[in-house]
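This report concerns the protein shown below. Please consult the sequence and the structure alongside the text.

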Amino acid sequence: MIEEKKPNWYFDYIEMKFGICDESCATCEGGTNKDCLSCYSPDEKADHSYLYNKTCIDSCPEGTYSSETLSGYYNCLPCHINCKNCTVGGTDTNMNCDSCEEKYIRFNKNCYKEYDSSIKSFYKAGNSEIT
């Protein structure tokens, strides 16, 4: 008789049997804390609520932001490459940066290289509202 897979179990193809996920994982593909596919939501468990590189962690690291999946789990997704920090994802035209990587200047939540011609034009026009 074949066992039925339970929500916090995974199938070990080497041993040909089910195993239990690490306690930090809501779902997983293996038995270690580095095999998580989803993490418990903050309501279910106070710590290790965000999935980042298949590991459940307490909060998203710099350069990522928290995004809720359709299933109600939370993932840490990367900010735009020019951003040092962000609170939501961005595109090339709307980066949504809270702060910029080194040698970038923040303007209207976008990060531009210091030598970018559009920034030079902005300075020449007498503007000084870059943050």
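## Basis of the model

The model is predicted, so that local features require pLDDT of at least 70 and side-chain atom pairs count only at pLDDT 80 or more, while totals for chains, interfaces and linings use all residues. Residues are numbered from 1 along each chain as its sequence is written, and side-chain values use heavy atoms, with hydrogens and water left out.

## Overall make-up

Read from the N terminus, the order of elements is β-β-β-β-β-β-β-β-β-β-β-β-α.

Of the 131 residues, 31% count as buried, where buried means under 20% relative accessible area, exposed over 50%, and partly exposed in between (1.4 Å probe, protein chains only). The accessible surface comes to about 8800 Å², and carbon and sulfur atoms hold 50% of that area; areas are computed by the Shrake-Rupley method with a 1.4 Å probe, and for residues only the protein chains shown count as cover. Among contacts (heavy atoms within 4.5 Å) between residues at least 6 apart in sequence, 11% join residues at least 24 apart.

Five residues lie between the strands of the hairpin, and G72 adopts a positive phi near 90°.

## Salt bridges

In one of them, E29 is joined to K54, with the closest N and O atoms 2.3 Å apart. This pair links distant parts of the chain, 25 residues apart: E29 is in the loop between β3 (25-28) and β4 (36-39), and K54 in the loop between β5 (50-52) and β6 (55-57). E29 counts as partly exposed because its relative accessibility is 41%, and K54 counts as partly exposed at 37%.

K109 forms a salt bridge with D98, where the closest N and O atoms are 3.1 Å apart. K109 lies in the loop between β11 (104-107) and β12 (110-113), whereas D98 belongs to strand β10 (residues 97-100), so the pair ties together parts eleven residues apart in sequence. The relative accessibility of K109 is 29%, which means that K109 counts as partly exposed; D98, at 32%, also counts as partly exposed.

Technical notes. A salt bridge is a side-chain nitrogen of Lys or Arg within 4 Å of a carboxyl oxygen of Asp or Glu. Helices (H or I, at least four residues) and strands (E, at least two) are DSSP runs, numbered from the N terminus. Two strands pair if DSSP finds at least two bridges between them.
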